[in-house]
Amino acid sequence: MRAVGGGPVRGALLREPRLLLRLCAWSVAETAPALLVGLAVARAIDDGFAAGRVWTGFAWLAVLGGAWLVAAVGARQVVLTVGAIVEPFREDLLGHVVGGALRRSAATGNGPGTAAVARANLQVELARDALASVITVVRSFAFTVVSVTLGLGALAPEVLVLVLPPFVAGLCLFLVSLPALARRQREFILTDERTAESLADMAGALRDITACRAERRVADDLGRQVRLQERAGRALAGVTALRTASLAVGGWLPVLLILVGTPWLVRGGAGAGVILGALVYVTQSLAPALGNLVQGLGMSGVKLRVSLERVLRHGAPPLPAVERRTPQDAGVRLRGVRFAYGPHAEPVISGLDLSIGDGDHVAVVGPSGIGKSTLAALVTGVLTPDAGEVLVGGVPAELLDPASRVLIPQEAYVFRGTLLENLTYLAEAPAEAVEEAVAAVGLTALVTRLGGCSAEVDPGLLSPGERQLVALARAYLSPARLVILDEATCHLDPAAEAVAEEAFARRGGTLLVVAHRLTSARRAGRILVMDGTDVRLGTHDELLTSCPPYAELAGHWNPAETQELVP
């Protein structure tokens, strides 16, 4: 993962330098009022209303109003730009979480742990929101401080002597207290979460607690956790006092100094407008900017750090790089393959020997849960056998170049984008090849309905069968010589299923079909029957005489009806 590998926040900020430039440009527009507010008020009073030139006063106020309009446009663009920065950051973190869960699942044989992944995804959302808040407040603070400094310098440079020293002192006080504040805030967040988890566990186990007469022990444990949270809250409150002090020094002491220094400013030629303008600069721009920075870094910054720690701890370290290999052909061979979902689970596949020649068309049949999809995952290298080996063209399946095989599952994946982008997701293809694939798998009607391959696709508006046809056409266009259809036509009617499977049979290469209907099996050159105790491979006629489970299944089949292969 790009961003996580080089530091999540740094990667998010440096991924697209043009976004940072755009953010800076629009930040200038957004902070235009901070630059003009005090100057416009001062000139409107001193040069306008106080001097009897009413229209001059209104003109300066109109300039300030125009600055607010520009700021409104800038604020909208800032939000959009911040979103463009943090959304890829979120996607990287999600990829890290899901990839880690899948790698642990593959390594242990256990499920990916949906509850753990859901909790980690929540931390990803918190990290995304916290990063957006941190970027927003730090950016706003920096541009506001520069704008106010320039505005005060243009208004009355001597005011800077009264404003900047206490402001810098307050900022330094906050920065010095920030590590302790972050540490205390982190401790409070963690203890609060542990208290919530303890309460949830207790509520879910009330019956067992009562049955075991463990009320006192559980109450003591909960009380201990609540006291820990209380201490963490008190410690946080103590450090928060420093934050309040920094706001008082940096945000409000300058106001006091301007008021006390008014006689000095007047003797230097400053009018009432200048005094009021300086106060407006401090109270309406500088103090709020410092307050937002303190709040943003003190809360959102800590949440970002804690959430990132959770996410990075949840994701497994990346797997060592392996050299992917291109097979000599698309023949498949399994030797003594055994696989179980977990060290103590019954094997789904045990001692399987199987040979599928290059260019063969094989259908796999058997009751649900017997291991057909597991076999498909083993052949594609998605799963690694506990014992034995799976070879494709002489290459271990887990080392295959991804371009050499394609697996289409029962629930097809279609993403938002154009239809052409969906079809050429696995390989670039010229328009002629796309048209051929569309016609071959029976996708023409959908392309016509959508208005062509350049039309935008909303997956939610497509039926399951239409999504399967898109995925089938995508696989047809891929360079893969080995194609596995794991009930990839289950949402199609028998006629559409026949069109798609016959297209792949004509396409060439090795075709392995986990059959949903007996008609699908009859179209195959050979049929692999899995019944939980043994596997048989042969033609339809051979299996009728040598494989009783298949003969029984075929005996119930009426060619005039849709026969689905279910237990």
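The model is predicted: local features need pLDDT of at least 70, side-chain atom pairs count only at pLDDT 80 or more, and totals for chains, interfaces and linings use all residues. Residues are numbered from 1 along each chain as its sequence is written, and side-chain values use heavy atoms, with hydrogens and water left out. The protein has 20 helices and 12 strands; helices (H or I, at least four residues) and strands (E, at least two) are DSSP runs numbered from the N terminus. Of its 567 residues, 45% count as buried, where buried means under 20% relative accessible area, exposed over 50%, and partly exposed in between (1.4 Å probe, protein chains only). Among contacts between residues at least 6 apart in sequence, 76% join residues at least 24 apart, a contact being heavy atoms within 4.5 Å.

- Strand 11 (residues 526-530) is largely enclosed by the rest of the structure, because 4 of its 5 residues are buried.
- Strand 3 (residues 361-365) and strand 11 run parallel and are joined by 4 bridges, with alanine 363 opposite isoleucine 527 of strand 11.
- Strand 11 and strand 12 (residues 535-538) run antiparallel, also joined by 4 bridges.

- An open sheet of 4 strands has the order 2-1-4-5, with antiparallel pairing.
- Its edges are strand 2 (349-356) and strand 5 (395-396), each with a single partner strand, so one side of each has no neighbour in the sheet.
- Strand 4 (residues 387-392) pairs with strand 5 in the antiparallel sense over 2 bridges, and the bridge partner of leucine 391 in strand 5 is proline 396.

**Helix 12 and the two sheets**

- Helix 12 packs on the four-strand sheet, touching strand 1 (332-339), strand 2 and strand 4, and its direction makes about 120° with that of strand 1.

**Glutamate 487**

- Glutamate 487 lies in the loop between strand 9 and helix 17 (494-507).
- Glutamate 487 is buried, with a relative accessible area of 17%.
- Most residues other than glycine have a negative phi.
- Glutamate 487, although not a glycine, has a positive phi of about 50°.

**Pocket and cavity**

- On a 1 Å grid over the protein atoms alone, a cavity is a set of points where a 1.4 Å probe fits but cannot get out, and a pocket is an open set with protein on both sides within 12 Å along at least five of seven lines; lining residues have an atom within 4 Å of a point.
- The second largest pocket has a volume of about 460 Å³, a volume being the space filled by probe spheres set on the points, with grid points joined across faces, edges and corners.
- Of the 20 residues that line this pocket, the closest to its centre are Val406, Leu407, Ile408, Pro409 and Leu426.
- Helix 12, strand 6 and helix 16 (464-477) are the elements that give two or more residues to the lining of this pocket, and strand 6 gives the most, with 4 residues.
- By class, the pocket lining has 15 nonpolar, 2 polar and 3 charged residues; Ala, Val, Leu, Ile, Met, Phe, Trp, Tyr, Cys and Pro count as nonpolar, Asp, Glu, Lys and Arg as charged, and the others, Gly among them, as polar.
- The structure holds 1 cavity of 30 Å³ or more, and about 40 Å³ of space lies in the largest cavity.
- Ala12, Arg15, Glu16, Leu19, Ala84, Ile85 and Pro88 line the largest cavity, and helix 5 (residues 54-108) provides the largest share of that lining, 3 residues.

Methods. Pairing = 2+ DSSP bridges. Axes fitted to C-alpha atoms, helices over the stretch in contact; angles between N-to-C directions.
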